[in-house]
Amino acid sequence: MSEVLKIAIIGDYNFTYNAHHATNLSLDHASDFLETEVNYYWIKINEAIQHKRVYFEQFDGIWIAPGPFLNHFFLNGVYKLVLESNVPVFLTGEGYKYFFEYLISTHQLNPYGEKLISDNLIEGNQFERVTIYPKTKDAEKLYENCNNTELSSSRFSLYPQLTDQLNGYLIDIEATNQFDDPEIVTLKNHPFFMACSFCPQISSTRDLPHPLIYTFLKMARELSDSKFSQLV
C-alpha cells in the first residue's frame with residue numbers, strides 16, 4: 001500500500017464557504033477513522049479540464065466539491081474526464097444537478113427539450129434539513145448507525161420521466177428524501193461513483209466521520225492497495 005492517499009478535490013475553493021472548509025475537515029475525520037494518511041489537492045474547475053485523463057489517474061480518489069462554481073459549464077468536461085477513469089469519484093452539492101444534465105445530454109434523453117430537473121428548491125445561501133430514506137441494502141448499512149437527517153443548500157426535483165429513464169439503466173437510486181426525490185445515486189458501469197445533492201461533510205465530526213465519506217476514502221485506499229500490489 002502507498003504510504004499516503006492522494007485525493008483530488010475539484011472545485012472553486014473559497015475559504016469563506018462552510019461547505020468547502022468542511023470538505024477538508026471531513027477528509028481528516030475519515031482518514032483518522034481509517035488510520036490512513038491523506039493528502040488532498042484542490043483543483044479549480046477551469047484548470048481541471050485542461051488536463052488529460054492520465055493526470056487524474058495519479059490520484060486515488062476524486063471529489064467534486066460543492067459550488068458555487070465560477071463557471072458551471074466547465075463541469076461537463078470534468079465529468080467526461082473523471083468518468084473515463086477508474087478512479088473512485090464522490091460528488092456532493094450543486095454539481096449533482098449538472099451531473100444529471102450531463103447524462104441527459106450525453107445519452108440524448110431529452111429530444112424535445114423538456115424541463116426535466118427543477119431549479120434549486122432551497123432559496124438563498126442557507127442550509128435546510130433533508131431526511132434520507134435508504135432504498136438499497138448498501139445504503140441501509142451505511143446509515144445503520146448514522147443520523148438520517150442531512151444538511152443541504154441544494155435540492156432538486158427530478159421529473160418522473162427522467163428517473164424512469166435513468167434508474168436501473170445508467171444509475172441506481174440508493175436513497176431518496178422526504179419528498180421522494182433521489183438524494184444519493186451511484187453510477188452503473190463505474191467502479192465507484194457516488195453523488196448526493198446534500199453536503200455530508202457538514203455533519204461529519206472527528207468522533208463520528210460521515211459514512212459516505214469514509215466509504216469513498218475506503219474505496220480510494222483499496223485502489224491504492226491494488227496499484228501497489230501491481231508494482232511489487
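Relative accessible area, computed with a 1.4 Å probe on protein chains only, classes a residue as buried under 20%, exposed over 50% and partly exposed in between. The structure is a predicted model, in which local features need pLDDT of at least 70 and side-chain atom pairs count only at pLDDT 80 or more, whereas totals for chains, interfaces and linings use all residues. Residues are numbered from 1 along each chain as its sequence is written, and side-chain values use heavy atoms, with hydrogens and water left out.

With a salt bridge taken as a side-chain nitrogen of Lys or Arg within 4 Å of a carboxyl oxygen of Asp or Glu, the model contains six salt bridges. One of these joins Arg 206 to Asp 32, with the closest N and O atoms 2.2 Å apart. The two residues are 174 residues apart and connect distant parts of the chain, Arg 206 lying in the loop between α8 (200–203) and α9 (211–231) and Asp 32 in helix α1 (residues 18–34); helices (H or I, at least four residues) and strands (E, at least two) are DSSP runs numbered from the N terminus. Arg 206 is partly exposed at 48% relative accessibility, and Asp 32 is partly exposed at 45%.

A salt bridge between Asp 172 and Lys 188 has an N to O distance of 3.2 Å. This pair also links distant parts of the chain, 16 residues apart, with Asp 172 in strand β8 (residues 171–176) and Lys 188 in the loop between β9 (182–187) and β10 (193–196). Asp 172, at 27%, is partly exposed, as is Lys 188, at 29%.

Asp 119 and Lys 115 form a further salt bridge, at 3.4 Å from N to O, and both belong to a network of salt bridges that includes Lys 97.
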